[in-house]
Amino acid sequence: MAEESESKQSAVESVMEKISEKIHGHDSSSSSDSDSDHEKPASPSSVKAKIYRLFGRERPVHHVLGGGKPADVFLWRNKKISAGVLGGATAIWVLFELIEYHLLALICHISILCLALLFLWSNAHTFIHKSPPRIPEIHLPEEPFLQVASALAIELNQGLKLLRDIASGRNLKEFLMVIAAFWVLSIVGSWCNFLTLFYICFVLLHTVPVLYEKYEDKVDPFAEKAAIEMKKQYAVFDAKVLSKIPMGPLKAKKV
């Protein structure tokens, strides 16, 4: 009897051990699966593909335009200021282009009007019983003009350096692009004068960026297709024409 009771007890213990092993094994497998899920990297399909942006930009349009107040004006962050700037430019263009008013005559007429009003007010204040006008002393600081001149000098030097590199015959692609750009500008310049061209560029700066920022998800796919097609056409043109043009030996760059 004692042996039978001991065998039953040992059988019960073995069954309990098997059950506990199964439970622990299931817990360990589930924990390992969860850990593997956490450690498993996301599949490439789940990662959003890199979106093509116009001109290869990686920053928002606001940062591309330089940020700050000029970018706010171009992107119509403050509609009153942007509308005022565009309206002022339109008024200047109408005044000089349509009415054919001259800049020197405008400056002289405004100066005559302001000086005459101030002179009459200064001499007639005793008769009209009003205080004389307070004409402020205007002093223009030198630092902003020096900064503007320095920035213009840097940009001009960079442009001259770029033209020098292109003229040296190192890059045929850039040479053709610059020639085409100058040719297009010459055609546009024959259609209108500098003031009209400047006004057109000013209007485009106030319309194209804000429209692109609003519809960039629709514009970028079309731009990507156009860029791919242009690269194909340029590859064909390069293989048939550019590759057959003899190029001069390039000078070795000094280290």
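**Figure 1. Left-handed crossing of helices H4 and H8.** In this predicted model, helices H4 and H8 cross with left-handed geometry. By residue class, the contact of H4 with H8 comprises 9 nonpolar, 4 polar and 1 charged.

**Figure 2. Axis geometry of the H4–H8 pair.** Two packed helices are described by the angle between their axes and the distance between those axes. Helix H4 covers residues 79–98 and helix H8 covers residues 194–214; their axes come within 11 Å and cross at roughly 165 degrees. Because this angle is over 145 degrees, H4 is roughly antiparallel to H8.

**Figure 3. Packing of helix H8 with helix H9.** The axes of H8 and of helix H9 (residues 216–240) are 5 Å apart and meet at an angle of about 95 degrees. The angle falls in the range of 65 to 115 degrees, and H8 is therefore roughly perpendicular to H9. On the H8 side the contact involves Tyr212, Glu213 and Lys214, and on the H9 side Glu216, Val219 and Asp220. The residues joining H8 and H9 divide into 2 nonpolar, no polar and 4 charged.

Figure 4. Helix H6 spans residues 142–167, a run of 26 residues. What number of the 26 residues of H6 is buried? The number is 1, so H6 lies largely in the open; buried here means under 20% relative accessible area. H6 is followed by Gly169, which has a positive phi, near 80 degrees.

Figure 5. The protein chain contains 9 helices and 0 strands, and along the sequence its pattern reads α-α-α-α-α-α-α-α-α. Of the 255 residues in the chain, 11% are buried. Among contacts between residues at least 6 apart in sequence, 55% join residues at least 24 apart. The contact of H4 (residues 79–98) with H8 (residues 194–214) is shown in the views above, as is that of H8 with H9.

Methods:
Residues numbered from 1 in each chain as written. Predicted model: local features only at pLDDT ≥ 70, side-chain atom pairs only at ≥ 80, totals over all residues. Heavy atoms only, no water. Helix = DSSP H or I, 4+ residues; strand = E, 2+ residues; numbered from the N terminus. Expected span 1.5 Å × (residues − 1). Buried < 20%, exposed > 50% of the residue type's maximum accessible area, 1.4 Å probe, protein only. Axes fitted to C-alpha atoms, helices over the stretch in contact; angles between N-to-C directions. Parallel < 35°, antiparallel > 145°, perpendicular 65-115°, else oblique. Left-handed = near helix turned anticlockwise from the far one by under 90°. Nonpolar A, V, L, I, M, F, W, Y, C, P; charged D, E, K, R; others polar. Contact = heavy atoms within 4.5 Å.
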